[in-house]
Amino acid sequence: MKKARLIVETDFSLATVDPRLFGSFIEHLGRAVYEGIYEPGHPTSDEKGFRQDVLKLVRDIDVPIVRYPGGNFVSGYNWEDGVGPVKDRPRRMELAWRSIEDNSFGTNEFMDWCRQAKTAPMLAVNLGTKGPEEARQLVEYCNHPGGTTLSDLRKAHGWRDPHNVKLWCLGNEMDGPWQIGHKSAQEYARTAHEAAKVMKWVDPSIELVACGSSNSSMSTFGSYELAVLDECYRDIDYISLHSYYGNPDGDTANFLARSMNMDAFIKSVAAMCDAIQGKLHAKKKVHLSFDEWNVWFHSGKQDAELPSWTQAPPMLEDVYTHEDAVLVGLMLITMLKNADRVKIACLAQLVNVIAPIMTEKGGAAWVQSIYWPFLQASRYGRGTVMQGILRAPLSDTKDFMDVPVVDAVVVRNDESGEVTVFAANRDLSESVVFETELRGFGPMKVLEHAVLASEDIHAFNTKENPDRVKPAAGHAVFEGNLLAASLPKCSWNMIRLAKA
Ligand code: AHR
């Protein structure tokens, strides 16, 4: 039987986890907004049209930030279309997703929804068809207390108090030729610099995220980041990374190794930030915002058959399997292990569109397999990430060398003294004996071992069978300073310990 061991020592910590690592994303895309979070007339909706069944599932995963309104959508969006009396709002051809946008939901509705969801907004500005001036105006509309045209307009629209949006994205995936208003690195860097300057002049308390690459396979990956950092280093607080992974050819061993690509991507971008910091003799460190990440590939064929120019088409409705949840868990472990550099991350997306939560128009809401690792990491992965030494058998896959059979991380909650171990077994045919040596932590007891395992790696949840993939109880034991657990084949595990 294979064995793996993780060693942590109480004095060796890596970083405090920024809670925003467990953010998510709502785009005007498919049924994310309409029929997702917002459905006037749904039996659970309140007077604002917010589905309360969805809000409960969102609150349960405790997302501290939600990115909005896009995504590719934002690069053609006029924010003015989505404010003011709903009856006067324009019905537009939305070019990014070839849909109809009636703008009945906009910035102010999103702010109200965030309050109910107990989350904070992360707003993206349009640097595709618009520019620094429109971005500046949106900051004024949202954040200025009053006494100017745009802040008074917000008041006239019914929102007396400023929204105080703290976190802003300077456009979206501007390196991608598919983006409306796609820009070369130099073009984007100049625009982002000018936008950042005036946005911060309006509200110096905001934090800004500049676009990096849409994924690490882009031919401009590296040169794009370096050019943007060179021009904008002093203006920005974070640079963004995006990555989606899929398993279209059914090579699950290779698929489960893809979190190693995420790890390498993070380390490269962090190194680029540090190189420019050195070059510019800058005091400040720019950190990373992994503001789109997930599995995405299931829905491709069915989306190609959808008709264009409909409102809320069922696009990007990936149905997630057990193996997808294990990779999502591995990606969460990867981000926690890089918590010294990744301060913000957004699971893309939140409802219906490549999402942990699904809804039926007029009907039920249920959770997909990927909901569970996200919920557990979000609830119990906050505190201090411990430096760990991991010893595990290695193997090669089609695209990766030296893939450890187990990946794992330990997070200590400094207030409660609780310790949580997250671990995934990539082996597709065997369980692995996994030991965590907790040096200097004192006597502890196991509070919970939750295991996501399945005989069928392709099992998934549906409205009719929403509990097919969900965690069950495992049998971890703690003795001396050793936590021992059997990790079933292809599984995600969370083990929580408290002081004995
Ligand atoms: O999340 C779906 C899309 O993926 C986003 O709109 C875009 O930013 C990315 O390419």
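Trainee: How far from an oxygen atom of the ligand does a polar side-chain atom of Glu 173 lie?
Mentor: This is a predicted model, with residues numbered from 1 along each chain as its sequence is written; local features need pLDDT of at least 70, side-chain atom pairs count only at pLDDT 80 or more, and totals for chains, interfaces and linings use all residues. Side-chain values use heavy atoms, without hydrogens and water. A polar contact is a pair of N or O atoms within 3.5 Å. For Glu 173 and the ligand oxygen, the distance is 2.7 Å.

Trainee: Where is Glu 173 found?
Mentor: Its phi is positive, near 40°, though Glu 173 is not a glycine. Most residues other than glycine have a negative phi. Strands (E, at least two residues) and helices (H or I, at least four) are DSSP runs, numbered from the N terminus. Glu 173 is in the loop between β7 (167-170) and α5 (185-202).

Trainee: How much of the ligand's accessible area does the protein cover?
Mentor: Asn 172 has a side-chain N or O atom 3.0 Å from a ligand oxygen. Gln 349 has a polar side-chain atom 2.9 Å from a ligand oxygen. On its own the ligand has 280 Å² of accessible area (Shrake-Rupley method, 1.4 Å probe). The protein's share of cover is 95%.

Trainee: How many nonpolar residues does the shell around the ligand have?
Mentor: The ligand has 13 residues around it (a heavy atom within 4 Å), and Glu 27, Asn 72, Glu 173, Tyr 244 and Glu 292 come nearest. By class, four of the shell are polar and three are charged. The nonpolar count is six.

Trainee: Which residue does a cis peptide bond join to Gly 70?
Mentor: Most peptide bonds are trans. The cis bond at Gly 70 has omega of about 15°.

Trainee: How many residues apart in sequence are the parts tied together by Tyr 68 and Phe 105?
Mentor: Rings of Phe, Tyr and Trp (its six-membered ring) pair with centres within 6.5 Å; planes under 30 degrees apart are stacked, over 60 edge-to-face, the rest tilted. The count is 16 aromatic pairs. Tyr 68 and Phe 105 are edge-to-face, 6.2 Å centre to centre, with 70° between the planes. Tyr 68 is in strand β3 (65-68) and Phe 105 in the loop between β5 (99-101) and α2 (107-117), so the separation is 37 residues.

Definitions and conventions. Polar contact = N/O pair within 3.5 Å; in protein donor to acceptor, adjacent residues only side chain to side chain. Nonpolar A, V, L, I, M, F, W, Y, C, P; charged D, E, K, R; others polar.
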